[in-house]
Amino acid sequence: LQGIFVLGLPYALLHSGYSGLFLIILAAALCCYTGKILIACLYEENEDGQLIRVRHTYEDIANACCKKRSPRLGGIIVNMTQVMELIMTCVLYLVVSGNLLSHSFPYVPMTEKTWSVIAFVILLPSVFIKTLKIISKLSQLCSLVHFIIILVVMTYCLTQMHQWSWAKFRLSIEFEDFLVSVGVIIFSYTSQIFLPTLEGNMKNPGEFRCMLNWTHFFACVLKTTFALTAFLTWGEETKEVITDNLPSFLETLVNLCLLTKALLSYPLPFFAATEIVYACISRGNHSNYRSPLFALGVRGSFLLLTLLMAMFIPHFALLMGLTGSVTGAAMTFLLPSLFHLKLKWKKLSFLEICADISVFILGFLCSLAGIVCSIKGLLEVFG
């Protein structure tokens, strides 16, 4: 919930004004809600009225919704969407790593793509990760580095309090820039892909809803505080990535921290993507598909694929925006609300039905707007 997207929130406030502060809070509430209803779809009541976990993955939920027409169609669509988004996330981390390395060592005569290859070599041990326990340790380190970055930026901003002025906030906003801000804010909260696995691995799954409430609350407070202090410090000069506004001596330090964060963030989406693909392939009865060597080959192939995409896809940022508008909105808003309505319709209250329909419509509009903006950007780039 506190990814690299957070560094773009001050820029989002620049283009959304006061409404951006409201959007940060609203996005937290909506993403928390869709996380809860997604996990609710994993459970069914038994004859005694007790909730039993009868499904285990996002794929199982999709298959349950489509079982009358095609037992596996929903799962295939969900898996393709998940893998596409996860791979794009991994590629983004490689691209960002190459960019950060080139900016941190400007005197070394190497291109960003060459630096991306070096980042790829550093990430090679990821193919040997087999459990979430290792991922959790890396995530802890990632969180620590992230808070160091936030602390450095906010400490500098607090030293500039004498320059703060609420007059820096815009009252009038441009619609297209506002849509970009909406995308940055909403997708800084997305975590639905990982929630079924996370809830299934909790020692006490009954605490999941409480955990989700508190994490989204604290994420919202931190995002709002960070975005507000940074924007009040730089105002109209706020850049897309707020660390670019820092003085040079701090920028190098923060860039190295961001590099560490990007490298530590890579294993989670990589592990999730390879687990989905390996599970799909190994369902057959052929014993070779279940061997550790084959699993290693799948992970190695995926790692190489992310490097090739980072090296050879032009205008990756725009393509990432287009993919995120489709897959991100689908996995975060559209599918959870749709599945919840399908599986729990008879047990939902009128307000819950209205909430699900509202989330679905909002997700559709956000997705459509993001697609239009991304396609427009690609058309401009290609003339």
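Seven of the eight residues of helix α1 (residues 9-16) are buried, so this helix is largely enclosed by the rest of the structure. Buried means under 20% relative accessible area, exposed over 50%, and partly exposed in between, with a 1.4 Å probe and protein chains only. Helices (H or I, at least four residues) and strands (E, at least two) are DSSP runs, numbered from the N terminus. This is a predicted model, in which local features need pLDDT of at least 70 and side-chain atom pairs count only at pLDDT 80 or more, while totals for chains, interfaces and linings use all residues. Residues are numbered from 1 along each chain as its sequence is written, and side-chain values use heavy atoms, with hydrogens and water left out.

The buried residues of α1 are Leu9, Pro10, Ala12, Leu13, Leu14, His15 and Ser16. Their cover includes α2 (18-40), α7 and α9 (208-234). After α1 comes glycine 17, with a positive phi near 60°.

The view can now widen to the protein chain. Its secondary structure comes to 14 helices and two strands. The radius of gyration, taken over C-alpha atoms, is 21 Å, close to the 21 Å that the globule rule gives for 383 residues, so the chain is as compact as a globular protein of that length. The globule rule is 2.2 Å times the number of residues to the power 0.38. Along its principal axes the C-alpha trace spans about 65 × 50 × 45 Å. Of the 383 residues, 48% count as buried.

Contacts, meaning heavy atoms within 4.5 Å, show how the chain folds back on itself. Among those between residues at least 6 apart in sequence, 78% join residues at least 24 apart. Tyrosine 189 lies in the loop between α7 (175-187) and α8 (195-200), and is buried with a relative accessible area of 1%. From C-alpha to C-alpha, tyrosine 189 is 9.9 Å from alanine 29, although the two are 160 residues apart in sequence.

Aromatic rings are the last topic. Rings of Phe, Tyr and Trp (its six-membered ring) pair if their centres lie within 6.5 Å; planes under 30 degrees apart count as stacked, over 60 as edge-to-face and the rest as tilted. There are seven aromatic pairs by this rule. The rings of tyrosine 266 and phenylalanine 270 have centres 5.6 Å apart and planes at 25°, so this pair is stacked. Both tyrosine 266 and phenylalanine 270 are buried. Elsewhere, ring pairs link Trp214, Phe217 and Phe218 into a cluster.
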